[in-house]
Protein chains: 2
Amino acid sequence: MNESITPEPRGDDDVKVNYSLPSGFIEFTPAERALELHCLDAIRSAAERYGFCSIETPLVERLEVLQAKGNQGDNLIYGINPIFSEGHALGRPEDDGREVRGLRFDLTVPLAAYIARHLHQITFPFARYHMDLVFRGERPKKGRYRSFKQCDFDIVGRGSLPLMYDALMPALIHEIFLALRIGEFLIRINNRKVLCGFFESVGVPSGDIRGCVKIVDNAEKAGEEKTLRSLYELGVSEEAAGQIIEFVRVKGAPRLVLSQLSRYSGRNPHFDEGLTELTDVAEGLELMGIPEQRVAFDMGIARGLGYYTGTVYETTLLGQEGLGSICSGGRYEHLVGIFARETLPGVGISIGWTRLFASLVERGILKAETFRGATTAVLFVDKNLQAEYLKLAQELRAAGISTISLFEERGLGKQFGWADKMGVRYALVIGSREFESGIVTVKDMRTGDQVAVDRKEVVQHLVHAGGELSV
Amino acid sequence: MNESITPEPRGDDDVKVNYSLPSGFIEFTPAERALELHCLDAIRSAAERYGFCSIETPLVERLEVLQAKGNQGDNLIYGINPIFSEGHALGRPEDDGREVRGLRFDLTVPLAAYIARHLHQITFPFARYHMDLVFRGERPKKGRYRSFKQCDFDIVGRGSLPLMYDALMPALIHEIFLALRIGEFLIRINNRKVLCGFFESVGVPSGDIRGCVKIVDNAEKAGEEKTLRSLYELGVSEEAAGQIIEFVRVKGAPRLVLSQLSRYSGRNPHFDEGLTELTDVAEGLELMGIPEQRVAFDMGIARGLGYYTGTVYETTLLGQEGLGSICSGGRYEHLVGIFARETLPGVGISIGWTRLFASLVERGILKAETFRGATTAVLFVDKNLQAEYLKLAQELRAAGISTISLFEERGLGKQFGWADKMGVRYALVIGSREFESGIVTVKDMRTGDQVAVDRKEVVQHLVHAGGELSV
C-alpha cells in the first residue's frame with residue numbers, strides 16, 4: 001500500500017519529476033489489488049443474489065446537481081477545468097462557455113440524477129449497487145482520502161416503498177460481511193421516528209430535534225458526560241437530558257428492545273409509528289433468517305445525515321470498534337426525487353470501501369501476503385524447446401488455467417525463485433530429458449513436491465488439482 | 001444509452017436544476033450496464049488466463065507526471081481544484097500551496113508512475129491489465145467522450161523483454177475478441193523497424209522518418225492519391241514516394257508477407273533487424289495456435305504515437321471497418337522507464353472500451369434488449385403469506401439464485417408484467433390455494449409455461465434449471 005499524506009519531495013538531479021502519489025491519494029500493490037478484487041467480487045455477487053443491478057454514472061456532474069442538496073458542504077467539491085498551457089490553469093469555471101462541472105462527492109446525488117435521467121427506462125422498485133470512486137477536497141489525514149471507493153446499495157420505490165425493504169437491507173449487510181470473512185459483526189438498527197418522537201415526548205422543541213440527533217450520533221465517541229453537557233448547551237432541560245441518556249442506553253436483541261420500548265408508547269404519534277415500523281422490521285429479520293446474535297436494536301444509533309426519515313443502520317466489526325461503523329445507511333423519503341420531482345422513497349446502505357479495506361489490510365484482518373499472479377508457470381529451460389513451452393501454455397489457458405510463461409533462459413533455481421515471487425502454485429519444467437521421455441516435471445511451489453506427469457495428461461492433472469488452486 | 005453532446009437546457013419552473021449529463025459524458029441504462037459488465041468480465045477473465053494482474057492507480061496525478069511525456073498535448077488535461085464557495089472556483093492551480101494536479105488522459109503514463117512507485121514490490125516481467133477511466137478535455141463530438149474507459153494490457157521487462165511477448169499480445173487480442181463474440185476480426189501486425197528501415201533504404205532523411213510514419217498511419221483513411229501528395233509535400237522524391245506506396249500495399253498471411261519482404265532485405269540494418277523480429281513473431285503466432293485467417297502482416301500499419309519502437313498492432317472488426325482499429329498497441333523501449341530511470345521495455349495493447357462498446361450497441365452487434373435484474377422473482381399475492389415469500393427468497397439466494405421479492409399487493413397480471421420488465425426468467429406464485437396444497441406455481445416468463453412444483457423441491461427445481469438461466 002502506498003499512501004501519501006504529505007508529499008515527499010525527491011531530490012533527483014537529472015530527472016526532476018516528482019512521481020510520488022499526489023497527496024491524499026492511495027494506491028495498492030498488485031497483491032493488495034488482487035485481494036481487493038476478490039473482496040469486491042464477493043460483495044457484487046451478494047448484491048446480485050439479492051437482485052441489485054449495477055449502475056455507473058459519470059464521475060463528473062454539473063455543479064448545480066452536486067450542490068442541489070447542500071448536505072456535504074460545497075467546500076468539498078473538486079471542480080475540473082482543462083489546463084491549456086503548461087502549468088497554467090485557465091481558472092474560469094465556465095471554460096467552455098457553458099457549464100460548471102465538478103467531481104462527485106458521494107453516490108447518492110448521482111443516483112438521484114441517474115433516476116431522473118432514466119426515469120422511463122427504470123422498473124421500480126429499483127435496486128442498484130454502485131461501487132466506484134468519489135472525491136472530496138479535504139485536507140488529507142490518516143485514513144481520510146481525497147478519493148476513495150464507496151459501495152452503495154439502494155432500493156428506490158416510485159410513490160411508495162414497502163417497509164419490508166428496510167428488513168432486506170440488513171439481510172444484504174449480513175450476506176456481504178459473511179462473504180468477506182473478516183470476523184464477527186453486529187448490525188445495529190434504530191428508527192429516526194422512534195428517536196425523534198422520544199425527543200418530542202420529553203419536551204425537546206422541534207427546532208432542536210436535529211441538534212439532539214447530532215449529539216446522540218456522536219454520543220458513543222463523546223461519552224455520557226460530554227453528551228449531557230452538549231444537551232444542556234443545546235438548551236435541553238436537566239430532566240429531559242437525563243431521560244435521553246437513559247433512552248439511548250436501550251439496546252440489545254430486537255424483541256427484547258421492543259418490549260423495553262413498549263413502556264414509552266402512547267405518548268407521541270411519531271414514536272408510536274416508528275415502534276410499529278421497528279416491530280415489522282424485527283419480524284422481517286427473523287423470517288429472513290438473520291442470526292439473532294448479529295442484529296441489535298440500538299437507541300443510541302442516530303446517523304448524522306439530515307435526510308434519513310425512518311430506519312437507520314450501523315455495523316460494528318466486533319473487536320475492531322475503533323474502525324467506527326463499517327456499513328451504514330437508512331430510509332429516506334425525499335432524497336432521490338429531488339431532480340425527477342417525484343416521490344421516490346428509498347432505503348440504502350453504504351460501505352466506505354477504501355478506508356475499510358486499507359484498515360483491514362493494515363490490521364492484518366485481510367492478508368495480501370501471497371500474490372497469485374497466475375496458477376501455473378511454464379519455465380524456460382532450453383531455448384530449443386520454446387515451441388513446447390508455447391504450446392503447453394496455450395493448452396493450459398484453453399482449459400481455463402491461468403498461466404504465465406517465461407521466455408528468458410535463466411538458471412532453474414532463479415526461475416523457481418521467480419515462480420515463487422509470482423505466487424504461482426505449480427511450476428512446470430520441460431528440459432531435454434523430460435522432452436525425450438514425454439513427461440513434464442510439475443513442482444508444487446507450496447509443498448516443494450515434484451512429480452513427473454505424462455505430457456499428454458499434464459493439463460488434466462492440473463485441472464483436477466483445480467479444487468486446491470482457487471484457495 | 002444517454003449521451004450528451006451538447007447540453008439541453010430544461011425549462012423547469014420551480015426546480016431549476018439541470019440534471020442532464022454534463023456535455024461530452026455518457027451513461028448507460030441498467031440493461032446496457034449489465035451487458036457491459038458481462039463483456040468486461042470476459043475481458044478480465046481472458047487477461048487473467050494469460051497471467052495479467054489487475055492494477056488501479058489514482059485518477060489524479062501530479063501535473064508534472066502527466067506532462068512528463070508530452071505526446072498527448074497538454075491542452076487535453078483536466079486540472080482539479082476544490083471549489084470553496086458556491087459557484088466560484090478558486091482558480092489557482094496551487095490551491096493547497098503545494099501541488100498541481102490533473103486527471104489522467106491515458107493509462108500508460110500512470111503505468112510508468114506505478115512501476116516507479118512500486119519498483120521493489122513488482123516481479124518482472126510485469127504483466128498488468130488496467131480497465132478504467134481516462135479524461136480528455138476535448139470539445140465533445142459523436143463518439144468522442146471527455147471521459148471514457150480504456151482497457152490496457154502491457155508486459156514490462158526490467159532491462160530487457162524477450163521478443164516472444166510480442167507474439168503473446170496477439171494471442172491475448174485473439175482470446176479477448178473471441179470471448180466478446182462480436183464477429184470476425186483481423187489482427188494486423190507490422191514492425192516499426194521494418195517500416196522505418198524501408199523509408200531509410202529509399203532515401204528518406206532521418207529527420208523526415210517520423211513524418212513518413214504519420215503519413216502512412218493515415219494512408220488507409222486518406223487514400224493513395226492524397227498519401228502521395230503528402231509524401232511529396234514532406235519532400236520525398238517521386239521515385240521514393242512510389243516505392244513507399246507500393247511497399248505499404250504489402251499485406252497478407254504472415255509467411256506470405258515474409259517471403260515478399262525478403263526481396264528488400266540486405267539493404268538496411270534496421271529493416272533487416274525488424275524482419276528478423278517479424279519472422280520470430282510469425283513463428284510464435286503459429287506455435288500459439290492463433291488461426292491464420294485472423295492474423296495478417298500489413299506494411300500499411302504504422303501507429304501514430306511516437307513511442308513505438310518495434311512490433312505494432314491494429315485490429316479490424318470485419319464488416320465494421322468504419323470503427324477504425326478496435327485494439328491497438330505495440331512495443332516500446334523507452335516509455336515506461338521515464339520515472340524509474342531504468343530501462344523498462346514493454347509491449348502493450350489498448351482497447352478504447354467506451355467508444356467501442358457504445359458503437360457495438362448502437363450497431364446492434366451487442367444486444368442489451370433484455371435486462372436481467374434477477375433470475376427469479378417471488379411475487380406478492382397474499383399479505384398473510386409474507387413470511388412464506390421471505391423464506392422462499394432467502395432459500396433461493398442461499399442456493400446462489402439471484403432473487404427479487406415484491407412486497408406490495410398488486411394484481412397478478414400487473415405483477416407478471418413487472419417480472420417481465422425486470423427480465424426475470426421465473427416468477428414464483430404462492431397464493432392461499434398453493435400454500436394449502438404445499439406447492440409453488442413456477443411461471444417461465446420466456447415460454448409462458450406454468451408448472452406446479454412441490455414447495456420442498458422448488459429450490460432444487462430452479463437450481464436444475466440453472467443451465468438455461470445463465471443465457
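Student: What rotation and what shift superpose chain A on chain B?

Tutor: In this predicted model, a rotation of 180° with 0.0 Å of shift along its axis places chain A on chain B, at an RMSD of 0.1 Å. The two copies are therefore related as by a two-fold rotation axis.

Student: Why is it said that the copies meet through the same surface?

Tutor: Because 100% of the interface residues of chain A are also interface residues in chain B.

Student: How many residues of chain A are in contact with chain B, and what makes a pair count as a contact?

Tutor: A pair counts if the C-beta atoms, placed from the backbone, lie within 7 Å. By that criterion, 95 residues of chain A are in contact with 95 residues of chain B. Strand β5 (residues 78–85) of chain A gives the largest share of the side of chain A that touches chain B, seven residues. That side divides into 49 nonpolar, 27 polar and 19 charged residues.

Student: What share of chain A counts as buried, and what makes a residue buried?

Tutor: A buried residue has 20 or more other C-beta atoms within 10 Å of its own. Of the 471 residues of chain A, 50% count as buried.

Student: Into which domains is chain A divided?

Tutor: Domain 1 covers 2–6 + 19–362 and domain 2 covers 376–469. The assignment is an automatic or database one. The centres of domain 1 of chain A and domain 2 of chain A, taken over C-alpha atoms, are separated by 49 Å. The C-alpha trace of chain A spans about 90 × 60 × 50 Å along its principal axes.

Terms used: Residues are numbered from 1 along each chain as its sequence is written. Chains are lettered from A and ligands numbered from 1 in the order in which they are written. This is a predicted model: local features need pLDDT of at least 70, side-chain atom pairs count only at pLDDT 80 or more; totals for chains, interfaces and linings use all residues. A residue is buried if 20 or more other C-beta atoms lie within 10 Å of its own, exposed if 12 or fewer, and partly exposed in between; C-beta atoms are placed from the backbone. Two residues are in contact if their C-beta atoms, placed from the backbone, lie within 7 Å. Helices (H or I, at least four residues) and strands (E, at least two) are DSSP runs, numbered from the N terminus. Ala, Val, Leu, Ile, Met, Phe, Trp, Tyr, Cys and Pro count as nonpolar, Asp, Glu, Lys and Arg as charged, and the others, Gly among them, as polar. Copies are superposed by least squares on the C-alpha atoms of residues with pLDDT of at least 70 in both.
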